Amino acid sequence: MVRRQSRVVTLTDMALGLYVHIPFCSAICNYCNFNRGLFDADLKTQYVAALQHEIHRRGDGDPADTIFFGGGTPSLLEPEEVAAIIATCGRAFAVTRDAEITLEANPETITDDKLSGFREAGVNRLSFGVQSFRDEELQRLTRLHSAARAIEAFGIARTAGFDNISLDLMMWLPQQTIPQWLESVDALIGVGPDHASLYILELYPNAPLREAMARGKWSLAPDDDAADMYLEAMARLDAAGYEQYEISNVARPGRQSRHNLKYWTDGEWLGFGCGAHSTRRGVRWKNLSSTTEYIAAVACGGQLVAERRVLSAAEALEETLFMGLRLARGIDVNTVKARFGVDVWDIYRRQLEQFRDAGVLIYDGRLLRLSRAGMLLANEIMAKFLVSPVVD
Ligand code: SF4
């Protein structure tokens, strides 16, 4: 941890991102650790009203250039509900005309009418949780859609006019071999989204999937295979014209996620809804996690914030470095110096040189970035930013 208390420049000139959490799902997947619950139509109606109250209450007219509906399963909302929430954002903030408005969608929830409705509501980017293009893997994950349904949903979205679509895949699934993983990667390339996110399945301690794995005697491929899965997938995406801009994310030119870049580049965002996180003016906070408690608190004008923390200069720097190293572009050492008054290479040189010598970390005098192979060691390298350098 850096001990020097240096001047911190807040990035208030950057437009805000607005995150809207929708905590409802048709079924709960056996690996999911998000803040979500089973769909209930009455609860959803109350929740949408509460969201609009919260947005209205916290609106200060500041510029915002992204709105992101995440979940849960935001595509379970009706288009009129999405339109009402976007309109509320527009009244509470100065939402730019070209704002990126993303909605996460599950393939099984999609119909022509619904997608056309979302488009008319102002949504201009979809993010489909596909996870795999192999049915047996989807079944092991207890997902409700099939590979064919995912491809069909993508086609419906294109027909509805969406020209900015992201697909999520998960790798290192139980029983998945390298060729099977690459089948999904090739299928994704064949479908041709504008953006893709590739995540490694992370199993939290009590995940029901763990029990299913024990019952079914399903195992995970060795760590070395996971590394090969990642490297070969990225090589195929490179060859297909995608540009990797973050450890887990690739995009066609100009189709990077503007909203997610706020998380990775020191931006500011406000989160609305249960369990939503916000970061603004050096303060980070999280709303009440429970959907019913959140609705009740909004109704009586009560306290919505469950946790609040003022980030110290050292924490803000640490986070800037962690997030910056996730980007393919890396950390701009001059920008960090202007903001925090410290030279990253000078203060961490002793800890980082071994990685530069091994070719997994690249420093050109201005940008400090991970090589592709270095991305596999990201956690190990980032941990060096937690080591206390002597700077005073
Ligand atoms: S659809 Fe997504 S949020 Fe809902 S339970 Fe499955 S993984 Fe979790």
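Q: Before we start, what is a nonpolar core?
A: A nonpolar core is a set of buried Ala, Val, Leu, Ile, Met, Phe, Trp, Tyr and Cys residues that are joined through side-chain atoms within 4.5 Å. Please keep in mind that the structure above is a predicted model.

Q: Which residues touch the most other members of the largest nonpolar core?
A: They are Phe69 and Phe128, in a core of 100 residues.

Q: What is Phe69 in contact with, leaving aside its neighbours within four places in sequence?
A: Its contacts include Val20, Ile22, Pro74, Val82, Ile85 and Ile86. Phe69 is also in contact with Ile101, Thr102, Leu103 and Glu104.

Q: How many residues are in the other core, apart from that one?
A: That core has 13 residues, among them Cys32, Leu201, Tyr204 and Ala207.

Q: Why do such groups form at all?
A: In soluble globular proteins, nonpolar side chains tend to be buried together.

Q: Changing topic: how many aromatic pairs are there?
A: The count is nine. One of them joins Phe93 and Phe272, with 6.1 Å from centre to centre and 50° between the planes, a tilted arrangement.

Q: Where in the chain do Phe93 and Phe272 lie?
A: Phe93 is in the loop between helix H2 (79-92) and strand E5 (94-105), whereas Phe272 belongs to strand E11 (residues 269-272). The two are 179 residues apart, and the pair links distant parts of the chain.

Q: Why does Phe93 count as buried?
A: Its relative accessible area is 2%, and buried means under 20%. Phe272 is buried as well, because its value is 0%.

Q: What about Tyr263 and Trp269, how are they arranged?
A: They form an edge-to-face pair, 4.6 Å centre to centre with 80° between the planes. Tyr263 has a relative accessible area of 23%, so it is partly exposed. Trp269 counts as buried because its relative accessibility is 10%.

Q: Which residues form an aromatic cluster?
A: Phe24, Phe39, Tyr47 and Tyr294 form one.

Q: Which ring does Arg119 lie over?
A: Arg119 lies over the face of Phe162, at 5.1 Å from the ring centre.

Q: Last topic: which residues are around the ligand?
A: Among them are Cys25, Ala27, Ile28, Cys29, Tyr31, Cys32 and Phe34. Gly72, Thr73, Asn106 and Arg143 are also around the ligand.

Q: How many of them are nonpolar, polar or charged?
A: The shell has seven nonpolar residues, three polar ones and one charged one.

Methods:
Residues are numbered from 1 along each chain as its sequence is written. This is a predicted model: local features need pLDDT of at least 70, side-chain atom pairs count only at pLDDT 80 or more; totals for chains, interfaces and linings use all residues. Side-chain values use heavy atoms; hydrogens and water are left out. A residue is near a molecule or strand if one of its heavy atoms lies within 4 Å of it. Ala, Val, Leu, Ile, Met, Phe, Trp, Tyr, Cys and Pro count as nonpolar, Asp, Glu, Lys and Arg as charged, and the others, Gly among them, as polar. Buried means under 20% relative accessible area, exposed over 50%, partly exposed in between (1.4 Å probe, protein chains only). Contact means heavy atoms within 4.5 Å. Rings of Phe, Tyr and Trp (its six-membered ring) pair if their centres lie within 6.5 Å; planes under 30 degrees apart count as stacked, over 60 as edge-to-face and the rest as tilted. Helices (H or I, at least four residues) and strands (E, at least two) are DSSP runs, numbered from the N terminus. A charge sits over a ring if NZ of Lys or CZ of Arg is within 6 Å of the ring centre and within 35 degrees of the ring normal.
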